[in-house]
Amino acid sequence: MHFSRRTTSVLAVAAGASLLLTACGGNSATPPAATSSSSSSTGTAAAGGTITHAFEQPISSYNGQTAEEYSSKNHIVMNQVQPDVWFYSPEGGTGRNTEMATYEKVSDSPLKVKYTFNPQAAWSDGASIGCADALFTWAVASGKFPEFSYISTTGWDQVKMPECKIGDKEVTLEYSGVFADWEALSVVQLPPHIVAKQGGMTIDEMADAIRKGEHDKLKKAAEFFNKGWIFNGKLPDKALIPSSGPYMLDSFADGQSVTLVANDKYWGTKAKTPKIVIRFIAQDQQVQALQNGETNIIEPQSNPDIVAQLEGLPGVTVKTGSQFLYDHLDFNFDKGPFKDLKTRQAFAACVPRQQIVDNLIKPQDPNATTMDVRNLAPFQPGYKEAVAAAGGDKFNTVDVAKAKELLGGKKVKVRIGYNQPNPRRTQVVELIKASCDQAGFEVTDTGSEKFFDDAGDLANGNFDIALFGWAGSSLVSGWPSTYTSPRKCTPALKGNNKGCYSSPAADKLLKEILKTTDRAQQLELTNQIEKILWDDLATIPLYSQPLLTAWNEKVTGVQQNPSQASVTWNMQQWAMQ
């Protein structure tokens, strides 16, 4: 799936691989080599075995898998509190978490995958990890129990109910058909025993209700799953938030920070640093915070000025590269002026995509180009062929006269929403306004600090156009849910399809690509899907965001990750010299 990162809200198959909203192995493509620099002076370091990382948005829930909470702001914190059987590798593909479980395909027809969980694998409160986790994830992620809010059913909707007993450490999942990314199916996510208890049941009673399809008995459990882990200004009761990884949640200062401490009950490799503090610091303040020693690691949205500032700081390592993250414009198909195709075409004709790249991206990356398809990164094989097949590059040249003609003399008011503060996106809106107002649009910048909040403008469809980023990976299962027709255009049911775009033709191809394992066939289907998305103007991709990470040179173990997992993917390996 897509994640929204760096502006937060859009990671996992059936949540693990979906695109993530950002405020700012499978078939893995390797991005171009990153570059780094480090000065010889010594910067300020945090004291006492604590490492501090900065992110621009505060965590809002222990459960980042619901449609409302699936966002980078939650996942970057929980990467090593709730690890799964697999992870995003530093190449953007997948790796296997053998400390949690091993797994292998035992049959092709039907597809069967056997998971063998570590005998010692357990939640920090002692509850064993195994059958109960797989069965519960199937229940919430398969779509069979819609009372549980879940970001995407991709993958799990093809899995038969697991036939295992609570306490079993071996689980075999059988699919009804082919699933391309079976190696990246998310199996261990939220603690089922906690959901059962809050639902007034034992784990065995909840498992029995799942097997029998007794929705009434699961109603209270679903209510807790959907809303019971939301922070609401404070950390939930610690008894409700156990860890399955090397770190656990310790404390939360609303609007300030969240603190993780090493999980002394973790059975695998122990975390190298006893405490990680993630401070919530706005993008435009992160460089200063790093310089002042308020944080040790930052991953800000890159621009030439920020890179220059960072490279001038003593005692700081700076690393740039490419990543699976791009900015785009999403139309609102549910309400407002862009329900009309001609109006979308007129807007696409006046958006200065090339000027945006020339002014805002090329100063850092001279080879940068417009992002002309959505679901392949520019550094991936097949990108150029997809652009040629889809025809998106025809919108690279501004045509104000054509936009005027398509509008037919109408004046159209347009609200562009995004998460503030974000200097680059503010500049994007300014460039769009300067061009499109000439065509008859009246563009208004409605950026807000609460744009990505649960009750914010994006969730509630309070925008004509939404400007944000999708963070993904090389997995083909990561993006189909973003363009699949929603069951209903509500925050809980539209999932990653924020504009509520719908196309039966696209739906058919999106289902097909998830069942296709041959890479050449996947690319051909991607070309066909991209052509439909451009013909319908489902969204307008703008540019691929360059990756930028900077950290105090006394911190070791920091490794960039071009996927939606972000730099915190291996925080358990960070250490202070």
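These legends accompany close-up views of a predicted model.

**View B. Helix α7 and its buried face.** Take a look at residues 304-311, which make up helix α7. Here I306, V307 and L310 are buried. Seen down the axis of α7, the buried residues fall within an arc of 100°, so they line one face of the helix. Their packing partners are α6 (286-292), β13 (297-298), β14 (316-321) and β20 (547-552).

**View C. The surroundings of F441.** Leaving aside residues up to four places away in sequence, F441 touches F338, T343, A346, F347, C350, L407, V412, V414 and C436. Two of these neighbours, C350 and C436, are joined to each other by a disulfide, which has a view of its own below.

View D. The structure holds 25 aromatic pairs. In the pair of F225 and W229, the ring centres are 6.3 Å apart and the planes stand at 70°, so the arrangement is edge-to-face. F225 is buried, at a relative accessible area of 1%, and W229 is buried with a value of 1% too. Both belong to one aromatic cluster, together with Y62, F136, F148 and F224.

**View E. F231 meets F252.** These two rings have their centres 4.9 Å apart and their planes at 80°, so they also form an edge-to-face pair. F231 sits in the loop between α5 (215-227) and β10 (247-253), while F252 is in strand β10, so the contact ties together parts 21 residues apart in sequence. F231 is buried with a relative accessible area of 3%, and F252 is buried with 15%.

**View F. Two arginines over aromatic rings.** The charged end of R96 sits over the ring of Y103, 4.1 Å from its centre. In a second example, R374 lies over the face of W534, at 4.4 Å from the ring centre.

**View G. The disulfide of C131 and C164.** The count of disulfides comes to three, and here the sulfur atoms of C131 and C164 are 2.1 Å apart. With 80° about the S-S bond, this link is right-handed. C131 lies in helix α2 and C164 in the loop between α2 and β9 (170-174), so the pair ties together parts 33 residues apart in sequence. Relative accessibility is 1% for C131, which counts as buried, and 7% for C164, which is buried as well.

**View H. The disulfide of C350 and C436.** The two sulfur atoms are 2.1 Å apart. The torsion about the S-S bond is about 100°, so this disulfide is right-handed. It links distant parts of the chain, 86 residues apart: C350 in helix α8 (residues 341-350) and C436 in helix α12 (residues 423-436). Both cysteines are buried.

**View I. The disulfide of C489 and C500.** Here the sulfur atoms lie 1.9 Å apart, and the link is right-handed, with 90° about the S-S bond. C489 is partly exposed at 29% relative accessible area, whereas C500 is buried at 10%. Counting bonded cysteines along the chain, the disulfides of the protein follow the pattern 1-2, 3-4, 5-6.

Note on methods: Residues numbered from 1 in each chain as written. Predicted model: local features only at pLDDT ≥ 70, side-chain atom pairs only at ≥ 80, totals over all residues. Heavy atoms only, no water. Buried < 20%, exposed > 50% of the residue type's maximum accessible area, 1.4 Å probe, protein only. Helix = DSSP H or I, 4+ residues; strand = E, 2+ residues; numbered from the N terminus. Arc of directions from axis to C-beta. Contact = heavy atoms within 4.5 Å. Phe/Tyr/Trp six-rings, centres within 6.5 Å; stacked < 30°, edge-to-face > 60°. Lys NZ or Arg CZ within 6 Å of the ring centre and 35° of its normal. Disulfide = S-S within 2.5 Å.
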